[in-house]
Amino acid sequence: MNALRTFIQTRRRMLAAGAVFLVVAGFLQFAGANPAQSQTITLTAYPSDADPAAPDSKAWKDALPIAVPLTAQAGTYAAGGGSIPTISARALHHKDQLYVRLEWTDATDDESTARVQDFSDAVAIEFPARAATSVPSICMGQADAGVNIWQWRADSQAGIPEVTTIHPNALVESYPSTEDLFFTARAAGNPVANPAIGAVQNLISRTFGTLSPAATQQVLGKGVYKDGKWSVVFSRPFAGPDVDQASFSSGTKTDIAFAVWNGSEGDRNGRKSVSAFVTLSISAQKLPGTGGGNDAMVLTIALLSLLGITALGVGLAVYGYREGRTS
Amino acid sequence: MPKVYNWQIGREMDYRFANGPAKLQFAAVFNTNRCIACQTCTMACKTTWTFSPGQELMWWNNVETKPYGGFPQHWDVNILTLQEKANPGGQTWDVSKKDPAKAPYGSFSGKTIFETADQVNNMVTGYIPPEDDWKAPNIFEDAATKHSPTGVSLPEHAGWFFYLQRICNHCTYPACLAACPRNAVYKREEDGIVLIDQNRCRGYRKCVEACPYKKSMYRPTTRTSEKCVGCYPRVEGTDPLTEGLPMETRCMTACIGKIRLQGLVKVGADGLWIEDRQNPLYYLVNVAKVALPLYPQFGTQPNVYYIPPRWVPRDYLRQMFGPGVDDAIAAYMNPSRETLAVLQLFRATQSIVFSYKVEQGPKTGELNVGGQKRELFNDTVIGYDSRGKEIVRVAVDEPVIERPSQVAMNTI
């Protein structure tokens with residue numbers, strides 16, 4: 001008799017657990033999150049009708065964010081960083097152009113690198129180069145599998161500082177010449193020194209210390225600092241101009257990683273907060289629930305399914321409870 | 001981490017890169033005793049290299065008044081403090097371990113700036129001097145340690161100051177080069193000049209942080225760091241003035257006080273200077289031992305050598321130039337005939353002197369220096385260029401020319 005009671009009690013617990021599982025699963029399904037993929041987070045870029053170029057564009061309202069954990073860069077010189085624990089990423093595509101919107105919390109708005117001790121807030125996206133036959137090392141790629149890095153810098157967006165702006169009382173009698181030749185790095189073709197490149201540098205790398213500008217600079221970006229948060233949107237046409245750069249197309253997947261530099265922490269080079277690679281899925285289908293029409297039906301079906309699953313779960317729980325009482 | 005030999009500290013040390021092949025090395029001797037801090041060198045450099053927007057606070061050459069002055073302010077005290085904190089009480093020399101070529105000043109028992117760094121977050125112990133530290137390049141000019149109302153006398157002045165002339169040391173083991181995560185800093189094999197590749201620099205300022213002499217400087221208008229280029233077109237001989245022959249830098253040749261001599265010395269794959277007895281720099285540094293490196297204990301093997309000021313307290317000078325100070329001052333106060341002759345080569349020509357010869361002349365007088373009798377001879381030093389051709393000839397006795405009493409009007 002005791003054995004039977006134990007069996008029934010166990011069955012009751014299992015039924016209750018099953019009910020809880022069904023309720024949670026139904027909720028997660030409806031919310032768009034997928035716990036089965038928590039080890040390999042997927043960022044899905046759905047097509048967008050509106051232009052998502054601005055960080056505050058309404059196109060981003062319906063894009064589902066994923067939270068990507070960041071850690072300090074470790075293990076190799078120059079290590080450090082880690083002051084930004086997480087970054088929120090969304091992606092869309094519009095007219096065969098990929099848009100990635102990144103948002104993170106940073107208490108200080110570091111846009112000026114006018115003084116020697118000033119470092120800029122910045123964020124970067126890393127993709128495997130089109131030529132990479134294997135997944136490259138997340139740490140700046142490797143010789144046979146390069147990476148394509150898009151780096152947005154707050155100081156580049158703010159523009160080249162004028163000494164008279166930084167120090168209004170500075171007296172400079174004259175500059176003999178202000179031709180590009182005398183801005184040595186600019187004359188040498190260094191993108192860091194080139195105001196024409198804009199806020200985003202398109203870079204390639206094949207291991208530490210090899211980071212170099214890509215052959216073409218067509219990545220655009222804009223960042224906005226508001227309420228203690230940076231929001232930055234990157235964009236680039238799907239087609240990568242050469243094999244060193246990433247290439248995208250609708251209905252495919254690639255890898256994507258993120259890095260954030262916190263200027264006021266002295267972050268620069270390897271001293272940064274970095275993520276692991278996550279999956280970027282470029283969806284040919286629109287995000288369910290957006291755009292009205294058929295989507296409203298999808299939503300209704302989803303809601304009814306959720307209610308059905310929940311009802312089933314509750315029913316099973318009640319059944320299990322009664323079974324337990326009667327035995 | 002590779003081991004390299006640093007003869008200035010008389011021992012092997014850790015460095016990020018192994019020694020390269022044998023090469024020529026940019027080197028100079030500065031005679032602090034003769035400097036009047038006119039800053040002509042400073043302006044010669046400024047008007048040649050750093051006159052553009054963003055370079056306002058940049059002085060690749062500067063002359064600072066020690067002990068209080070510094071550009072950037074307190075640069076040396078700050079590094080010494082960081083090193084002392086990393087190795088409390090251990091930054092000492094073992095002068096019993098001397099070797100004429102491999103350890104002329106003994107062996108440094110402490111840690112270099114490479115050896116106190118963790119090699120993960122930093123390759124080199126250092127700091128970034130904030131902007132304010134660079135704003136007053138000539139702060140504390142002519143400020144003595146105290147007022148000496150009754151006057152001062154050798155060997156050590158009670159109240160003292162001296163001028164320290166500083167450019168990039170084009171170190172044999174540059175800290176800036178070791179610190180750059182992008183390998184944008186490089187050292188040229190042909191002359192050992194250390195340069196920052198302005199195409200590759202991304203303005204991380206790791207070199208500014210690492211250079212113990214603070215001769216890498218940040219330029220906000222290009223977001224990169226720049227440094228003294230050793231006037232490499234002149235050293236290469238591409239300046240039209242010398243018709244293809246190596247020429248000394250702008251700061252050297254502009255020197256009013258004739259305190260500077262610059263050239264190229266031969267360095268072996270082991271980091272030691274290859275014997276070159278008749279090279280005036282080799283002679284002054286390795287034979288006469290009258291000129292010493294600046295803060296050799298940092299470990300970068302700097303290549304500007306200083307004849308220490310003979311009136312300054314020796315403990316201060318030993319901290320700055322190492323344990324060779326007493327011998328160097330003795331060799332300068334009572335120079336040999338050869339040393340006195342070689343000192344005449346300072347600023348005698350713009351072309352780099354690759355070798356010299358001394359022709360002995362007649363005795364011209366006697367002196368009593370510190371109780372020691374010294375004889376004076378009017379010897380002549382002859383300097384030769386890279387092809388072995390005579391380019392300069394100077395006698396120890398400066399010729400005295402009496403002007404006729406009747407001189408043209410309006411002349412001085």
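1. Chain A contains five helices and 14 strands. Helices (H or I, at least four residues) and strands (E, at least two) are DSSP runs, numbered from the N terminus. This is a predicted model, in which local features need pLDDT of at least 70 and side-chain atom pairs count only at pLDDT 80 or more, while totals for chains, interfaces and linings use all residues. Residues are numbered from 1 along each chain as its sequence is written, and chains are lettered from A and ligands numbered from 1 in the order in which they are written.

2. Of the 327 residues in chain A, 37% are buried. A residue is buried if 20 or more other C-beta atoms lie within 10 Å of its own, exposed if 12 or fewer, and partly exposed in between, with C-beta atoms placed from the backbone. Taking the contacts in chain A between residues at least 6 apart in sequence, 67% join residues at least 24 apart. Two residues are in contact if their C-beta atoms, placed from the backbone, lie within 7 Å.

3. One residue to look at in chain A is A:S250, in the loop between β11 (229-237) and β12 (252-261). A:S250 has 13 other C-beta atoms within 10 Å, so it is partly exposed. Leaving out residues up to four places away in sequence, A:S250 touches A:I282 and A:A284. A:S250 and A:P213 are 37 residues apart in sequence, and their C-alpha atoms are 27 Å apart in space.

4. Two peptide bonds deserve a check. In chain A, A:Y77 and A:A78 are joined by a cis peptide bond with omega about -5°; A:A78 is in the loop between β3 (71-72) and β4 (86-93). In chain B, a cis peptide bond with omega about 5° joins B:L154 and B:P155, and B:P155 lies in the loop between β6 (107-108) and β7 (162-166).

5. Positive phi values come next. A:D227 is not a glycine, yet its phi is positive, about 50°. A:D227 sits in the loop between β10 (220-226) and β11 of chain A, and is exposed because 6 other C-beta atoms lie within 10 Å. B:E243, also a residue other than glycine, has a positive phi near 50°. B:E243 belongs to the loop between α5 (232-236) and α6 (250-253) of chain B; it has 9 C-beta neighbours inside 10 Å and therefore counts as exposed.

6. Helix α2 of chain B (residues 75-86) has 12 residues, so at 1.5 Å a residue it should span 16 Å, which agrees with the 17 Å between its end C-alpha atoms. The expected span is 1.5 Å times one less than the number of residues. The buried residues in α2(B) are B:W75, B:D76, B:I79 and B:Q83. They cover an arc of only 95° around the axis (taken from the directions from the helix axis to the C-beta atoms), so they lie on the same side of α2(B). B:V77, B:T81 and B:K85 are exposed on the other side of α2(B).

7. Helix α7 of chain B (residues 280-287) is largely enclosed by the rest of the structure, because seven of its eight residues are buried. Among the elements covering the buried residues of α7(B) are β3 (23-31), β12 (260-267) and α10 (337-343) of chain B. After α7(B) comes B:K289, with a positive phi near 50°.

8. Between the chains, 31 residues of chain B are in contact with 33 residues of chain A. On the side of chain B that touches chain A, α4 (206-210) and β11 (224-227) of chain B each supply at least two residues.
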